[in-house]
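Good morning, and thank you for making time for this item.

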Amino acid sequence: MCMSELVKIVDSLENKISKLLHKLELQQQVNETLEKELMTIKLEHDVTRRSITEWKEKYNSLKLANSMLGSDTNKTEAKLKINTLIRELDYCIAQLSE
């Protein structure tokens, strides 16, 4: 093998390495963009989940209020909820009186 062939091989290797490094840099940029997008989506998901929880609580409160207004559909549930609240109040009063 002569010197010129070695130079060509080294040049070719340098060129390929340079291209690979450039591709690596591009992939790192894409990865960084995707990570930022993922974080944004996670935050939006958390906000949505909290919103759903709030709406469920509002729905349950409305359902309870509805049953207290005389709706027959949830009277048992309302009575159970009221009994639970009374027990919690009794417990709190007992704690305060100690």
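Let me begin with a definition: a salt bridge here is a side-chain nitrogen of Lys or Arg within 4 Å of a carboxyl oxygen of Asp or Glu. Please bear in mind throughout that this is a predicted model.

By that criterion, the structure contains two salt bridges. In one of them, the side chains of R49 and D46 meet, with an N to O distance of 2.6 Å. The two residues are three apart in helix α1, so about one helical turn separates R49 from D46. R49 is partly exposed, at 46% relative accessibility, and D46 is also partly exposed, at 25%.

Another salt bridge joins the side chains of K36 and E32, at 3.5 Å from N to O. Here the spacing is four residues in helix α1, and K36 and E32 are therefore about one helical turn apart. Is K36 buried or exposed? Its relative accessible area is 53%, and because the cut-off for exposed is over 50%, K36 counts as exposed. E32, at 45% relative accessibility, falls in the partly exposed class.

M3, L6, V7, I9, L13, I17, L21 and L24 make a nonpolar patch of about 760 Å². One of these residues, I9, is located in helix α1 and is partly exposed, with 41% relative accessibility.

Helix α1 itself runs over residues 3-68, and V30 has its place there. V30 is partly exposed, at 42% relative accessibility. Between the C-alpha atoms of V30 and M68, which are 38 residues apart along the chain, the separation is 57 Å.

Finally, the overall form. The protein has two helices and zero strands. Its radius of gyration is 34 Å, well over the 13 Å given by the globule rule for 98 residues, so the protein is more spread out than a compact globule. Along the principal axes, the C-alpha atoms fill a box of roughly 100 × 40 × 20 Å. How many of the 98 residues count as buried? The share is 4%.

Thank you; I would be glad to take your comments.

How values were computed:
Residues are numbered from 1 along each chain as its sequence is written. This is a predicted model: local features need pLDDT of at least 70, side-chain atom pairs count only at pLDDT 80 or more; totals for chains, interfaces and linings use all residues. Side-chain values use heavy atoms; hydrogens and water are left out. Buried means under 20% relative accessible area, exposed over 50%, partly exposed in between (1.4 Å probe, protein chains only). Patches are made of residues with over 30% relative accessible area and no salt bridge: like charges are joined within 9 Å, nonpolar side chains (Val, Leu, Ile, Met, Phe, Trp, Tyr) within 5 Å. Accessible areas come from the Shrake-Rupley method with a 1.4 Å probe; for residues, only the protein chains shown count as cover. The radius of gyration is taken over C-alpha atoms; the globule rule is 2.2 Å times the number of residues to the power 0.38.
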